[in-house]
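Trainee: Good morning. Could we go through this structure together, one part at a time?

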Protein chains: 2
Amino acid sequence: MSRETGGVKFALAQINPTVGDLAGNLAKMIHHCRAARDENANAVVFPELAVSGYPPEDLLLRDDFLAECARRLRELGEAAAPLGVTVVVGHPLAENGKVFNALSVLCGGETRALYRKRHLPNYTVFDEKRYFTAGRRAAVADIGGLRVGLTICEDIWHRRPVAQSAELGADLIVAINASPFHNEQAFVREEGVVRKKARRFRLPMIYLNQVGGQDGLVFDGSSVVVNAGGEVAARLPAFREAMQCVEFHRPAFAAGRVEARLQSPELIYRALVLGVRDYIDKNQFSGAVLGLSGGIDSALSLAIAVDALGHERVTAVMLPSRHTSAMSLEDARAEAQTLGVRYQEISIEPLYRAALGQLQAWFAGRAADATEENIQARCRGLLLMALSNKFGYLVLTTGNKSEMAVGYATLYGDMAGGFSALKDVPKTLVYDLAAYRNSVSPAIPERVLKRAPTAELAPHQKDQDSLPPYDILDPILEAFVERDHSPEQIIAAGFEPATVRRVVAMVVANEYKRRQAAPGVRVTSRAFGKDRRYPITSRFF
Amino acid sequence: MSRETGGVKFALAQINPTVGDLAGNLAKMIHHCRAARDENANAVVFPELAVSGYPPEDLLLRDDFLAECARRLRELGEAAAPLGVTVVVGHPLAENGKVFNALSVLCGGETRALYRKRHLPNYTVFDEKRYFTAGRRAAVADIGGLRVGLTICEDIWHRRPVAQSAELGADLIVAINASPFHNEQAFVREEGVVRKKARRFRLPMIYLNQVGGQDGLVFDGSSVVVNAGGEVAARLPAFREAMQCVEFHRPAFAAGRVEARLQSPELIYRALVLGVRDYIDKNQFSGAVLGLSGGIDSALSLAIAVDALGHERVTAVMLPSRHTSAMSLEDARAEAQTLGVRYQEISIEPLYRAALGQLQAWFAGRAADATEENIQARCRGLLLMALSNKFGYLVLTTGNKSEMAVGYATLYGDMAGGFSALKDVPKTLVYDLAAYRNSVSPAIPERVLKRAPTAELAPHQKDQDSLPPYDILDPILEAFVERDHSPEQIIAAGFEPATVRRVVAMVVANEYKRRQAAPGVRVTSRAFGKDRRYPITSRFF
């Protein structure tokens, strides 16, 4: 029972933990416990596996990691007890040789309830059956006199966990989550799961999600509180840490602050910014460096980097060759100037000439081909990496998903770098994001959005010389990569058979390049990386 | 009942399928059905998922792939029927929206038995719960009047599948497998599982394993036939395709050919050769190119490449710099000459000088550091990749597991390449393998085995300037990487605390490099790659 109002007050702590930073995560949670106490909350709710960060991957196979998680959990309970705040928190639990994805309700120095996640996702980016044993029982905890049904993430996508909480007389459900973002996920999650389950079982629900970037994943937060009719009583912001208190007067939550839902392309842009910022900051890089080409991908990547890190932490380098047009140089300068970043030009010509000279004897009598183009890209990669090594900047690669899909990129060349903003962004979406970013403030010269895409690795080269137009290519790729459609299905949907077969063959043939690509922010329902595990050696198209 | 002897004759077809090559795998199996018929066999046994190749990974999420597998399975049954040979074969099975890892017994154009794998491995390199639903029932098939208990791979590592076959009155067990190699696996599998289970349940067993390389995995074959007392009645060779017929006269197999078991280091050397050969051949490269440094890693990699591909398909390049010693040049020449490969020297000096020249203004006033060393390595990577691009050779990288673990390698430099022979071979084992290879025939100059390891990227540089001696480093790495021991446990085992902490910190800090490394042959119980899934962003040591 709340100290003031007769209701029960829950503080939703939408925090951004760091994987493996057990001391840091604990300190962050204790800070939020104090803040919750200051707001007279009865309980504070933290995300799934907040103690360890999510996903801890194979750290979960180490006994010392599990023991340290258990120790930090005890410390959290001890710190919260004198504050008079009940803590709902997710953590790994080692028990009789098994490991569970667990939730503890800590109150007055004791564990009042312990719940073990029952539905373990083992698809797309998830490997939870590699680590965890599934729990078998529902759990309802007493918090401030209320019966609170406990669930973890995947559980509420199924029927039984919520149904059994209802049977056990729950007044409401608390669902703690580490639910990764993609372009459809925030909507599906709130509309298709949280509100639907609440209505179906006539149970109010607190849906608390973590926020932050972890390698290729972004967690958007977007925590939400709904009542038994499915009405939204409160919504937390997307893509930033936040705490909000919501008050429950049986049988419903009082209305709280409801943040507006973001729409694409802003939604995706904000995901990219957070993904880049957290990768660079959590890995403690001083800043980022990237190569500008005068094209739209590097221009957009620069804007994202500046929005993520601030202009003082970003360095842009233009690496011209004999094929670089005056327009490209002008536009690169304009981009750097508009966004206020350090900018330098370093010609690759001396390196390129030296490489050709050394290879001359071997290459005698052979026509120029992609080899010479790749050498140029690799001279650029070499110079960018030298700046990275000398100054501690992370190199941001600037390729997009369409290029990564068909292998229109040079391994160790433009693919050289520590992280990619646009790895999961199809080229057609790059244009939408650029237009959105320019609508906020000028960032990218208009003609960069309008000129025909070119790699400028050979005279008069255009992407469309080797690839179908992007408005044909991208839907084929989406069908094949994201929807697992067969070439025959895609052809039946109206695409030219020869084009479909050529695109599919390129995707299959270039798996080896993607396997050596930098990680990048996942924003679609099927990103390259652990979301899509294809063999390199494969003869199936 | 056999046509000749009154026994039942099983042909064990230890084949090397290719993932996704459904037409090729079918042709190979039909060929073996004919060969089995020619030997008057009653039945032919193929490996787990022989129809698709193993592991097909996310191809299993595609409906068109599953449908094509079903079609090829039907064709196999139709082709075998007129031959009068019963076929035991593994294949994916799509059924009511679920997918099973299945075994069919095909006889006379009909499916006589269908078994669904019950124990799905989802650890180390395995992701079977991502794809498959577990079967729930034992199955016993009639083959030539015998009752044959059917199992797939992981099943026989558990009690129930064999126990239930025994309860159902099986005369023998047939286990089909795709069991990947590592240094302890062949022994554990035969001694700890096959012979033990046979003895325990008094059941003879056919253990049929596939052979071949698939990306980072090698399957060793080493199929074995044991009787109810655990005695080995037949053993097939390791690391090559083979077929052998074994005859069962109730209650036992007649003695057949028993290949000797290989011991390390020969065992591991042969795994590396097969892994390199199959990656290059299945991915249809014309040959391999690698950089020789005068050191032992590149010398051993060259010997493996030559043993895998033949000397005519291997090109060796020495890429000297100002820091390259005369001894290194001499030894590289000697290695190439001894093994009879094409050899060329290309100095990196012009590129290196050009790169330093272009960076001069940026680097002014800063001391030389690892940046300059990395530039040299990247000049080498650039030249090797140019040869790869121009001539269609795969670049073999030459780094070893100790280096990959602590990050003693340059991303896009010596790490540039399509495949690695020694990725999972610790440096101390590199020496054993080199000595073994020289015992077969001269390959590596003796002084290469004796000189102190050096990267030759700076004057008078030795590996031991930056790393602990390898006989200290390797046991620490094995404990931390392969055994999941904590730093405290390793210190308690007698290693110097500061050394252990430094090594562990290097392993954690260099995950980002390994994520962009080429695939390579797995030969230990925990290789880098999908066998060890650590977050890049992590603060736990």
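Predicted model: local features only at pLDDT ≥ 70, side-chain atom pairs only at ≥ 80, totals over all residues.

Trainee: What holds strands of a sheet together in general?

Mentor: Strands of a sheet pair through backbone hydrogen bonds, and the pairing may be parallel or antiparallel.

Trainee: How many bridges join β14 to β15 in chain A, and do they run parallel or antiparallel?

Mentor: Two bridges join β14 (residues 242-249) of chain A to β15(A), and these strands run antiparallel. Within this pair, Phe248(A) stands opposite Phe253(A) of β15(A).

Trainee: What about β12 and β13 of chain A?

Mentor: Strand β12 (residues 224-226) and strand β13 (residues 232-235) of chain A are antiparallel and are joined by three bridges. One position to look at is Val226(A), which stands opposite Val232(A) in β13(A). The two strands form a hairpin, with five residues between them.

Trainee: Which residue in that turn has a positive phi?

Mentor: Gly230(A) has one, of about 90°.

Trainee: Which residue other than glycine has a positive phi?

Mentor: Glu456(A) is an example, with phi near 50°. You will find Glu456(A) in the loop between α13 (446-450) and α14 (463-466) of chain A. As background, most residues other than glycine have a negative phi, and most peptide bonds are trans.

Trainee: Where are peptide bonds cis in chain B?

Mentor: One cis bond runs from Tyr54(B) to Pro55(B), with omega near -10°. Pro55(B) is placed in the loop between β2 (43-45) and α2 (63-80) of chain B. Another cis bond runs from Ser264(B) to Pro265(B), with omega near 5°. Pro265(B) belongs to the loop between β15 (252-253) and α6 of chain B.

Trainee: Let us change topic. How are chain A and chain B related?

Mentor: A rotation of 180°, with 0.0 Å of shift along its axis, superposes chain A on chain B, and the RMSD is 0.0 Å. The two copies are therefore related as by a two-fold rotation axis. In chain A, the C-alpha nearest the axis belongs to Gln516(A), at 2.1 Å from it. The same surface serves both copies, since 100% of the contact residues of chain A recur in chain B.

Trainee: How many residues does each chain bring to the contact?

Mentor: Chain A brings 88 residues and chain B brings 88 residues.

Trainee: What area is buried between them?

Mentor: About 7,500 Å² is buried between chain A and chain B, and carbon and sulfur atoms give 58% of that area.

Trainee: How many polar contacts and salt bridges cross the interface?

Mentor: There are 43 residue pairs in polar contact across the interface of chain A and chain B, counting pairs with both residues at pLDDT 80 or more. As for salt bridges, eight are found across the interface. An example is the pair Asp21(B) and Arg539(A), whose side chains meet at 3.3 Å, N to O.

Trainee: How many salt bridges are there over all chains?

Mentor: A search of the whole structure finds 92. For instance, the side chains of Arg270(B) and Glu266(B) meet in a salt bridge at 3.6 Å, N to O. Because they are four residues apart in helix α6 (residues 266-282) of chain B, Arg270(B) and Glu266(B) are separated by about one helical turn.

Conventions: Residues numbered from 1 in each chain as written. Chains lettered and ligands numbered in written order. Heavy atoms only, no water. Least-squares fit on C-alpha atoms with pLDDT ≥ 70 in both. Contact = heavy atoms within 4.5 Å. Pairing = 2+ DSSP bridges. Buried area = accessible area lost by both parts, 1.4 Å probe. Salt bridge = Lys/Arg side-chain N within 4 Å of Asp/Glu carboxyl O. Polar contact = N/O pair within 3.5 Å; in protein donor to acceptor, adjacent residues only side chain to side chain.
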